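Thank you all for coming; I would like to walk you slowly through one structure this morning. Please have the sequence and the picture in view while I talk.

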Amino acid sequence: MSSSTSSVESVEDESCSNECSASFTFDTNNNSRGDNQVNELAEETHMKLSITPTRESFSLSQLERIVTIGKGTFGRVELARDKITGAHYALKVLNIRRVVDMRQTQHVHNEKKVLLQLKHPFIVKMYASEKDSNNLYMIMEFVPGGEMFSYLRASRSFSNSMARFYASEIVCALEYIHSLGIVYRDLKPENLMLSKEGHIKMADFGFAKELRDRTYTICGTPDYLAPESLARTGHNKGVDWWALGILIYEMMVGKPPFRGKTTAEIYDAIIEHKLKFPRSFNLAAKDLVKKLLEVDRTQRIGCMKNGTQDVKEHKWFEKVNWDDTLHLRVEPPIVPTLYHPGDTGNFDDYEEDTTGGPLCSQRDRDLFAEW
Ligand SMILES: Nc1ncnc2c1ncn2[C@@H]1O[C@H](COP(=O)(O)OP(=O)(O)OP(=O)(O)O)[C@@H](O)[C@H]1O
């Protein structure tokens, strides 16, 4: 992954998902680049019919693993191809031992549980999950345009209308996620991918969390909660609206608003909350960013009585037809260059893992008994 920052939170939290398990073996491990010898017709048909293989019908042994297209903190993402239909998939491979060592067990369970629920045009689809003795696997739709991060760094910043296009698609996705009582908690350009047409696909739901209570009240015994622990909860949908403010700023300026050389300096900048806008910054966008970066989350736009509607009705989005946005009728500003269906040209090159990663113990494996 070409990201500048990787997100690690070392907190393990509640219960695991209840999905059934299945085992499989891969019988090929082809490390060559995606080629154009695939059955394009089969892939097109697959896309048009939007066949979503069920857990019962979708077997990983059908997949040929082609090449690594992304690396995360404790896993990798590979391009894979269905040996029968020729359709491409993204296969997220998580080494159980690394997940456990990095105390990410619960996040991985959360990611799978949340992704299986989500069906939205701007969110990456997950079709199935599997495991073998050392790894966990998630089979997802392959999003061939790569990370928005790469396009943003290449062009330094986006124009006002480009930023508004991406922001409007993200608003639709956040509205949907929040309506299900889920908070995304990791909005940043590295986690936003572009589809083959150039629409947003949110990926990496490792930090996503289902709120136990849709009114977003805090559980537990309030008398015992310290103000700083309230401030550290981060389980409120407000964190996503704040992150949208940072993202809009970064898209338009090329850098986030609160900067520093070290993590501590960045935290200080956030707390100091000195927001400076270049003179060229669109005034309506500036107003929205200020409202999204409101420190008091009860006063933050998106978090008040009218929820997302306040964001959608903000004057920066005046020209946005939300129905057209949701139905992919707005022409994307960037259409990724793709020469064939399994083209990985929009991704960085990664060294292949020929070892399969560290071996795990039965104790580690048991933590994923229900995977
Ligand atoms: N469905 C997909 N289609 C194409 N590429 C993908 C897909 N999902 C992920 N990737 C690529 O793989 C990279 C790593 O994926 P992801 O962020 O999900 O892994 P992670 O281990 O959770 O990473 P992190 O350490 O940031 O939490 C992404 O940044 C992206 O470039």
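**Helix packing around α7**

Let me begin with helix α7, residues 238–253, and helix α9, residues 283–292, which pack at an angle of about 145°, their axes being 8 Å apart. Please keep in mind throughout that this is a predicted model. The crossing in which α7 passes α9 is left-handed. On the α7 side the contact is made by W241, W242, L244, G245, I248, Y249 and M252, and on the α9 side by A285, L288, V289 and L292. Sorted by class, this contact of α7 with α9 holds 10 nonpolar residues and 1 polar residue, with no charged ones.

From α5, the residues N160, A163, Y166, A167, I170, V171, L174 and H178 meet D240, W241, L244, L247, I248, M251 and M252 of α7. That contact of α5 with α7 divides into 12 nonpolar, 2 polar and 1 charged residues.

Finally, a word on an annotated span. The unreviewed UniProt entry places the feature "domain: AGC-kinase C-terminal" at residues 318–371. In the model, the end C-alpha atoms of residues 318–371 lie 45 Å apart, and the span is 19% helix and 0% strand.

How values were computed
Residues are numbered from 1 along each chain as its sequence is written. This is a predicted model: local features need pLDDT of at least 70, side-chain atom pairs count only at pLDDT 80 or more; totals for chains, interfaces and linings use all residues. Side-chain values use heavy atoms; hydrogens and water are left out. Axes are lines fitted to C-alpha atoms, for helices over the stretch in contact, and angles run from 0 to 180 degrees between N-to-C directions. Helices (H or I, at least four residues) and strands (E, at least two) are DSSP runs, numbered from the N terminus. A crossing is left-handed if the near helix is turned anticlockwise from the far one by less than a right angle, and right-handed if clockwise. Contact means heavy atoms within 4.5 Å. Ala, Val, Leu, Ile, Met, Phe, Trp, Tyr, Cys and Pro count as nonpolar, Asp, Glu, Lys and Arg as charged, and the others, Gly among them, as polar. UniProt positions are given in the numbering used here, feature names are shortened, and annotations may be inferred rather than shown by experiment.
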